[in-house]
Amino acid sequence: MGKRRLEDAIQKIDHPIEVTYRSFELDPTMKRDIKENMYEMLAKKYGMTLAQAKSNTANMVQMAKELGLDYQLDNLILTNTFDAHRLTLFAKAHGLMAEMTERILRAYFTESKHIGDHETLTELAAEVGLDRPAVEKMLAGDDLADEVRSDEQTAAQYGVTGVPFYLINKKYALTGAQPTDVFVEALTKIIAEDEIVVLHGQDGVVCDENGCEIPTK
């Protein structure tokens with residue numbers, strides 16, 4: 001949801017903005033294959049009933065729906081996401097990081113696909129235009145593992161403990177799936193602060209490749 005709201009905000013701002021996705025695991029210790037479903041995991045983690053867990057996620061599902069996102073949490077497959085992060089970094093090297101990220105998120109939240117499974121990840125990669133044999137080779141080894149861990153170490157240095165987390169110009173941070181208007185306001189303010197203000201620009205000597213123009217006054 002945070003990704004979609006940020007994208008909506010960028011569309012409303014007349015200024016070039018580059019978005020880079022970084023790796024972050026909410027639970028690096030999670031196994032690839034898990035028997036528990038989303039509600040059972042939440043109930044166990046927070047000491048609540050299954051009914052309470054479902055009720056607590058209902059609001060998130062509704063908010064997603066308002067953004068045009070179809071969250072199917074009843075069938076969501078929990079898994080370790082480390083290899084999915086490796087795949088997004090592989091896609092980045094081929095100019096397809098945004099497409100790969102979007103495809104993985106849709107596969108996970110909407111299509112109930114197992115995004116920890118290598119075959120599933122390979123299929124998703126092929127759909128966005130990545131070379132299937134190259135993806136299979138990457139996933140079979142440890143390629144880009146260090147890069148994922150480096151991103152996570154950087155996140156720890158910034159004090160990131162949850163997602164979404166937005167770091168703008170390595171200086172400003174926004175946390176959580178903020179409303180689109182909040183993103184617009186924050187980005188507009190940061191852009192304004194970064195603009196150069198010329199002081200007494202018409203009173204001094206101005207030089208370019210043709211020489212220098214000396215003021216007449």
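Tutor: Glu-102 is partly exposed, because its relative accessible area is 27%; here buried means under 20% relative accessible area, exposed over 50%, and partly exposed in between, with a 1.4 Å probe and protein chains only. The model is a predicted one, in which local features need pLDDT of at least 70 and side-chain atom pairs count only at pLDDT 80 or more, while totals for chains, interfaces and linings use all residues. Residues are numbered from 1 along each chain as its sequence is written, and side-chain values use heavy atoms, with hydrogens and water left out.

Side chains of opposite charge can pair when their charged atoms come close. A salt bridge is defined as a side-chain nitrogen of Lys or Arg within 4 Å of a carboxyl oxygen of Asp or Glu, and by this rule the count comes to 12. In one of them, Glu-102 is paired with Lys-3, with 2.5 Å between the closest N and O atoms. Because Glu-102 lies in helix H5 and Lys-3 in helix H1 (residues 2-11), this pair ties together parts that are 99 residues apart in sequence. Helices are DSSP runs (H or I, at least four residues), numbered from the N terminus. Lys-3 counts as buried, at 16% relative accessibility.

Glu-7 and Arg-4 are separated by about one helical turn, because they are three residues apart in helix H1. Glu-7 is partly exposed at 28% relative accessibility, and Arg-4 is partly exposed at 22%. Lys-3, Arg-4, Glu-7 and Glu-102 are linked in a network of salt bridges.

Another salt bridge joins Asp-83 to Arg-32, with the closest N and O atoms 2.9 Å apart. Asp-83 lies in helix H4 and Arg-32 in the loop between H1 and helix H2 (38-46), so the pair ties together parts that are 51 residues apart in sequence. Asp-83 is buried, with a relative accessible area of 11%, whereas Arg-32 is partly exposed at 38%.

Arg-32 is also among the residues that His-114 touches, as are Asp-33 and Ile-77, not counting residues up to four places away in sequence; contact means heavy atoms within 4.5 Å. His-114 is placed in the loop between helix H5 (97-109) and helix H6 (118-127), and His-114 is buried, with a relative accessible area of 19%.

Conventions:
Helix = DSSP H or I, 4+ residues; strand = E, 2+ residues; numbered from the N terminus.
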